[in-house]
Amino acid sequence: MPGATLMAMSRVGRADFQPIEVGANDRVFVLTGAGISAESGIATFRDAGGLWEKHRVEDVASPEGWRKDPKLVWRFYSLRRAQALTVEPNAAHIALAKLERAIGDRLFLCTQNVDPLHERGGSERVLHMHGELMKSRCSGCARAPFTDDKSYPDALPVCDRCGGAIRPHICWFGEIPFDMEVIGDALRRSTVFVTIGSSGAVYPAAGFVRAARSFGQRTIYVGPEEPENASAFDECRLGTATQVVPSLFSA
Ligand code: NAD
């Protein structure tokens, strides 16, 4: 019953935060969203008002947008690539890399972000469910996605194997996120579920917390405001990622 869930949920002030004790049998699933990279200087979807140069982000980040104007799509991602080369991981990215060094593969780090800041912060196992800004793939052949940090502001890149159009390796609006089976397995095996900096509005990621609860896991949200799916969390720890994440875990 939603009322009972809300009453059970605590919204804790920063001074009251107790670290999450990660025991030898615990497995931690961390889902990150745009909010974890906000303090590194990458605008969240909401901060940007869902717009880029007066275009709706859906118009440059969708299969329809790609069919209509691939040059515009590549201009959008070229600028994002150029920006990603100038930003640094913050204390929250670095803290999650430290947790990975402490508990190894008992941490499953799943990000909705396409930026490379988890890896640059030292994380070695990161599942990018919405793809990676610094990768491209061929839309015409089965060639594997490849590392590509180039900008394509004018001419469209083509595949040197089949001549097909090269597109960003991004899960666009209306496409199915990557590795959902792997994510489902990790969700089932975890004992603690934490979301950091995600509005709870973009599915399927916004639904992971309800799956975690159905498996009896402890569920915690970290961010400056409650997400849209707040009622599914046992606790919302209100604060920014760099304020909360460095002391979030004790392992
Ligand atoms: P969102 O923009 O919908 O929501 C951002 C969330 O971050 C909000 O709930 C906000 O309260 C929170 N937030 C803002 N500042 C924060 C901070 N300093 N610390 C912690 N939290 C903070 O983002 P979303 O839920 O991730 O979903 C939007 C979609 O757009 C996703 O697919 C996302 O990956 C993508 N996106 C990615 C990037 C990136 O790769 N860095 C940037 C923008 C959007």
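**Close-up 1. Lining of the second largest pocket.** A95, L96, K98, L99, A102, V245, P246, L248, F249 and A251 line this pocket. The model is predicted: local features need pLDDT of at least 70, side-chain atom pairs count only at pLDDT 80 or more, and totals for chains, interfaces and linings use all residues. Residues are numbered from 1 along each chain as its sequence is written, and side-chain values use heavy atoms, without hydrogens and water. A pocket is an open set of points on a 1 Å grid over the protein atoms alone, where a 1.4 Å probe fits, with protein on both sides within 12 Å along at least five of seven lines; lining residues have an atom within 4 Å of a point. The second largest pocket holds about 190 Å³ of space. Helix 6 (residues 91-103) gives the largest share of the lining, five residues. By class, nine lining residues are nonpolar, none is polar and one is charged.

**Close-up 2. Helix 5 (residues 70-84).** Helix 5 has 15 residues. From first C-alpha to last it reaches 21 Å, close to the 21 Å expected at 1.5 Å a residue. L72, V73, W74, F76, Y77, S78, R81 and A84 are buried (under 20% relative accessible area, 1.4 Å probe, protein chains only).

Close-up 3. Strand 8 pairs with strand 10 (residues 166-170) in the antiparallel sense over four bridges; pairing takes at least two bridges found by DSSP. Here G131 has I170 as its bridge partner. Strand 9 (residues 146-147) also pairs antiparallel with strand 8, over two bridges. There, S136 is bridged to F146.

How values were computed:
Points joined across faces, edges and corners; volume = space filled by probe spheres on them. Nonpolar A, V, L, I, M, F, W, Y, C, P; charged D, E, K, R; others polar. Expected span 1.5 Å × (residues − 1). Buried < 20%, exposed > 50% of the residue type's maximum accessible area, 1.4 Å probe, protein only.
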